[in-house]
Amino acid sequence: MFYPIHLNIKNMKITVIGGGKIAFRKCRFFLDIKKRVTVVSRDFCADFEREGDNLTLICDSYKQEYIADSSIVIAATNDKKLNADIAGFCTKNNKMVNVASDFTLSTFIIPAHIRSGDLLISVSTEGKSPSLTAKIKRELEGVLKNRENKAEV
């Protein structure tokens, strides 16, 4: 069961384990709000290399020491057992964790979201129907765009 919450992450350290496209997608929201993210992986997709300033890339295998002082951890490797091990460590140590490959191991999920100025709308099916979430997000984006266009007239 998930509880909807918008969290102040200003003073939280965020670490992502994994360097592929899914890991980058998970980083995207944090980067969009200018939040610094540490990413640990042996390899990084080109998206990470282009991003720059708010990323600290550590080219290494996962070690617990990389998340010891993190508040939020994203496990987004292509190794389900490793993701589960990361989730176990985080849960045992009271860290918020999102496991990209298995939301049932996560202590939080990252909903689809739309930001327009100070308006932040989150959409979630609690991980059960990403396609429905995406559809609703697109519909809401259309509604907001229509309202903005009418306001300009």
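## Why these names? Reading a predicted model

Author: This model is predicted. Cysteine 27 touches Val16, Val37, Val39 and Phe48, leaving aside residues up to four places away in sequence.

Reader: Which residues touch the most other members of the largest nonpolar core?

Author: Val16, Cys27, Phe30, Val37, Val39 and Phe48 do, in a core of 19 residues. β1, α1, β2 (37-41) and β4 each supply at least two residues of this core. Helix α1 gives the most, with 6 residues. Apart from this core lies another, of 13 residues, including Ala75, Ala87, Cys90 and Val99.

Reader: What makes phenylalanine 48 count as buried?

Author: Its relative accessibility is 1%. Buried means under 20%. So phenylalanine 48 is buried.

Reader: Is phenylalanine 24 buried or exposed, and how do you know?

Author: Its relative accessible area is 10%. The cut-off for buried is under 20%, so phenylalanine 24 is buried.

Reader: How many aromatic pairs does a search of the whole structure find?

Author: The search finds 3. One of them joins phenylalanine 24 and phenylalanine 48.

Reader: Why is the pair of phenylalanine 24 and phenylalanine 48 called edge-to-face?

Author: The ring centres are 5.2 Å apart, and the planes stand at 90 degrees. A pair needs centres within 6.5 Å, and edge-to-face needs planes over 60 degrees apart. Both conditions hold, so the pair is edge-to-face. The pair also links distant parts of the chain: phenylalanine 24 is in helix α1 (residues 21-32) and phenylalanine 48 in helix α2 (residues 46-51), 24 residues apart.

Reader: What about the rings of phenylalanine 44 and phenylalanine 48?

Author: Their centres are 5.8 Å apart, with planes at 75 degrees. That angle is over 60, so this pair is edge-to-face. Ring pairs link Phe24, Phe44 and Phe48 into a cluster.

Key
Residues are numbered from 1 along each chain as its sequence is written. This is a predicted model: local features need pLDDT of at least 70, side-chain atom pairs count only at pLDDT 80 or more; totals for chains, interfaces and linings use all residues. Side-chain values use heavy atoms; hydrogens and water are left out. Rings of Phe, Tyr and Trp (its six-membered ring) pair if their centres lie within 6.5 Å; planes under 30 degrees apart count as stacked, over 60 as edge-to-face and the rest as tilted. Helices (H or I, at least four residues) and strands (E, at least two) are DSSP runs, numbered from the N terminus. Buried means under 20% relative accessible area, exposed over 50%, partly exposed in between (1.4 Å probe, protein chains only). A nonpolar core is a set of buried Ala, Val, Leu, Ile, Met, Phe, Trp, Tyr and Cys residues joined through side-chain atoms within 4.5 Å. Contact means heavy atoms within 4.5 Å.
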